Amino acid sequence: MTDKPIMKSKAAAWAAFVVIVILMAITFGFRPVWWTFADMFFAFMMVFCHLMAVYLVKLNIHSSRKLDFMALVFGILTIVALIAEYVAYQIIVP
């Protein structure tokens, strides 16, 4: 067992990626219109950027940090999209 933090673990990054892809496949039928996929798009981009950052850290630390920052931005956008979808559903579907 290594003392590597969970955020730098390739296995954890792959696990998050697989979870998001499975979640997208499971919830695909429940999303009636295109804008309901915004949260899944941002979540996918978050885990993809982090996965690439984990792999690129040995090649280019600067690009790895930029990708991790973008992953943070996409994570924030995921939360904003979830809230926006919830509010939109409350207004559209009484």
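Reader: Where is Val-54 placed?
Author: Helices (H or I, at least four residues) and strands (E, at least two) are DSSP runs, numbered from the N terminus. Val-54 sits in helix H2, residues 38-56. Keep in mind that this is a predicted model: local features need pLDDT of at least 70, side-chain atom pairs count only at pLDDT 80 or more, and totals for chains, interfaces and linings use all residues. Residues are numbered from 1 along each chain as its sequence is written, and side-chain values use heavy atoms, with hydrogens and water left out.

Reader: Is Val-54 buried or exposed?
Author: Start with the cut-offs. Buried means under 20% relative accessible area, exposed means over 50%, and partly exposed lies in between (1.4 Å probe, protein chains only). Val-54 has a relative accessible area of 8%, so Val-54 is buried.

Reader: Which residues is Val-54 in contact with, leaving aside neighbours within four places in sequence?
Author: Contact means heavy atoms within 4.5 Å. For Val-54 the list is Met-7, Lys-8, Ser-9, Lys-10 and Ala-13.

Reader: What separates the C-alpha atoms of Val-54 and Ile-91?
Author: A distance of 40 Å. Along the chain, Val-54 and Ile-91 are 37 residues apart.

Reader: Which residues form the nonpolar patch on the surface?
Author: First, the rule. Patches are made of residues with over 30% relative accessible area and no salt bridge; like charges are joined within 9 Å, nonpolar side chains (Val, Leu, Ile, Met, Phe, Trp, Tyr) within 5 Å. Here the members are Ile-79, Ile-83, Tyr-86, Val-87, Ile-91, Ile-92 and Val-93. Together they have about 740 Å² of accessible area. Such areas come from the Shrake-Rupley method with a 1.4 Å probe; for residues, only the protein chains shown count as cover. Take Tyr-86, in helix H3 (residues 61-92). Tyr-86 counts as exposed because its relative accessibility is 55%.

Reader: How many salt bridges does the structure hold?
Author: A salt bridge is a side-chain nitrogen of Lys or Arg within 4 Å of a carboxyl oxygen of Asp or Glu. The structure holds 2. Arg-31 meets Asp-39 at 3.0 Å, N to O. Glu-85 meets Arg-31 at 3.8 Å, N to O. Glu-85 is in helix H3 and Arg-31 in the loop between H1 and H2, so this pair ties together parts that are 54 residues apart in sequence.

Reader: Are Glu-85 and Arg-31 buried or exposed?
Author: Both are buried. Asp-39 is buried too, with a relative accessible area of 4%.

Reader: What else joins Arg-31 to Thr-27?
Author: A polar contact is a pair of N or O atoms within 3.5 Å; within protein, one must be able to donate a hydrogen and the other to accept it, and residues adjacent in sequence count only if both atoms are side-chain atoms. The side chains of Arg-31 and Thr-27 make one of 3.3 Å.

Reader: How many aromatic pairs are there?
Author: A pair of aromatic rings is described by the distance of the centres and the angle of the planes. Rings of Phe, Tyr and Trp (its six-membered ring) pair if their centres lie within 6.5 Å; planes under 30 degrees apart count as stacked, over 60 as edge-to-face and the rest as tilted. The count comes to 7. Among them is the tilted pair of Phe-17 and Phe-44, 5.5 Å centre to centre with 45° between the planes. Phe-17 is in helix H1 and Phe-44 in helix H2, so the pair ties together parts 27 residues apart in sequence.

Reader: Which residues form one aromatic cluster?
Author: Trp-14, Phe-17, Phe-44 and Phe-48.
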